[in-house]
Amino acid sequence: MDKPETPAKLRNKVRIQGIVYQDVRAKFGLSANLAIRAINRVASNRKTAMKDHSSVKNFEPTSIDYDTRIFAFREKDEEISVTLLRSRQRIKLVLGDYQRTRLKDSKPTSATLCKKGSEAPYQHPG
């Protein structure tokens, strides 16, 4: 079976989604929301490249965008809850006084989780 390709100049996230959604989910094992976030990032990158008259970036697995369906901030526990490939995990935050003050009584609606350093990513057992 031939894999669908998106025209290089296609920037509309809904049209890109229609072409690659099923393949992205199958190839990378992503949940529906994680696949949509990845597709949206590609569309956004293409729009920025066109606006700046630059080339489209090659994506590396160094970060992921989260929205309210796949991310939650738990102030009382100083944790975030995020959807990963095979589970939902709570991650304890390491906050300083400045961050604690900025986050107090807030309800963040999005986040970007970034890989730090060159270590291999954590693999959840099971």
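Guide: This is a predicted model. Helix 2 has 21 residues, and its first and last C-alpha atoms lie 30 Å apart, close to the 30 Å expected at 1.5 Å a residue.

Visitor: What makes helix 1 fall short of a straight helix?

Guide: Helix 1 covers residues 13-28, which is 16 residues. A straight helix would reach 22 Å at 1.5 Å a residue, but the end C-alpha atoms of helix 1 are only 19 Å apart. There is also a kink of about 60° in helix 1, centred on V20.

Visitor: How do you know the angle of that kink in helix 1?

Guide: The bend is the angle between two fitted axes, one for the seven residues ending at a position and one for the seven starting there. In helix 1 the kink is centred on V20, with a value of about 60°.

Visitor: Which residues of helix 1 are called buried, and why?

Guide: They are I16, V20, Y21 and V24. Buried means under 20% relative accessible area, so each of these four falls under that cut-off. The buried residues of helix 1 pack against helix 2 (32-52).

Visitor: What covers the buried residues of helix 2?

Guide: The cover includes helix 1, strand 1 (63-67) and strand 3 (79-83). Among the buried residues of helix 2 are L34, R37, N40, N45 and R46.

Methods
Residues numbered from 1 in each chain as written. Predicted model: local features only at pLDDT ≥ 70, side-chain atom pairs only at ≥ 80, totals over all residues. Heavy atoms only, no water. Helix = DSSP H or I, 4+ residues; strand = E, 2+ residues; numbered from the N terminus. Expected span 1.5 Å × (residues − 1). Buried < 20%, exposed > 50% of the residue type's maximum accessible area, 1.4 Å probe, protein only. Contact = heavy atoms within 4.5 Å.
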